Amino acid sequence: LQFGAFEFLEVTKKFIDNFENKILYVMEAFEKCKYEDASTVLNEITIDDENEATVRILRGNILYATHHQWRAVCEYEIAYNLYLKTSTKFLHLPALRCAQWYLHEIKNITKARRYFHYCCKNFATFNSWNGFGVVNLMEASYKRAESCFLQANQIYNNSGENWLNLALVNCKLGHFGIALECYMAAKSCGDADTK
């Protein structure tokens, strides 16, 4: 206290008074897992048309990190819809989190499809192609599912789960020789479900 902690606090408050600095502070606090601090500063920001999407994504990230996935997805969805009104792409990670939430937790295939399709179209990662393949498999769109799982394999071909899904799709399509090859590839990846 004798070394000017209160003066430092006042300088810090002035520093984080404008939007950009508050956002930087929130991001830094988030990276240091100081979620309560990040949330406090984020709640001080007045939301307007220009910053709402950014604030909602950051709030969603904090909620997701603190295991409030449903509330995080709600924030992400609002941000996603705001991004649709602009030419800017919505961020991959929040879109993928929404897709996986709807697929695995809520079992809402329509919404999962929407987000996985968006991710594949704009970012094309292994997880987005694999998830999109699972959605197509659940909808019995086997040719599309096969295409998605093959795309996922082009990005990363050491996933036993993806190979098993590819084996299942090929069984559904009547391609039993290819299905066996996919199953053997899954087994070589060390997937526990193949034993």
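Biologist: Is K22 buried or exposed?
Modeller: This is a predicted model. K22 lies in helix α2. Buried means under 20% relative accessible area. K22 has 11% relative accessibility, so K22 counts as buried.

Biologist: How far apart in space are K22 and V41, C-alpha to C-alpha?
Modeller: In sequence, K22 and V41 are 19 residues apart. V41 belongs to helix α3, residues 35–44. From C-alpha to C-alpha, the distance between K22 and V41 in space is 6.6 Å.

Biologist: Why do the buried residues of α3 lie on the same side?
Modeller: The buried residues in α3 are A38, V41 and L42.

Biologist: Which exposed residues does the face of α3 turned away from its buried side carry?
Modeller: Start with the buried side. Its cover includes α2 (19–31) and α4 (52–65). The face turned away from that side carries the exposed residues E36 and N43.

Biologist: At roughly what angle do the axes of α7 and α8 cross?
Modeller: Helix α7 spans residues 109–122, and helix α8 spans residues 126–138. The crossing is left-handed. The two axes come within 9 Å and cross at roughly 145°.

Biologist: How many residues of the contact of α7 with α8 are nonpolar, polar and charged?
Modeller: On α7, the contact residues include F116 and R113. On α8, they include W129 and F132. The contact residues divide into 9 nonpolar, 5 polar and 1 charged.

Methods: Residues numbered from 1 in each chain as written. Predicted model: local features only at pLDDT ≥ 70, side-chain atom pairs only at ≥ 80, totals over all residues. Heavy atoms only, no water. Axes fitted to C-alpha atoms, helices over the stretch in contact; angles between N-to-C directions. Helix = DSSP H or I, 4+ residues; strand = E, 2+ residues; numbered from the N terminus. Left-handed = near helix turned anticlockwise from the far one by under 90°. Contact = heavy atoms within 4.5 Å. Nonpolar A, V, L, I, M, F, W, Y, C, P; charged D, E, K, R; others polar. Buried < 20%, exposed > 50% of the residue type's maximum accessible area, 1.4 Å probe, protein only.
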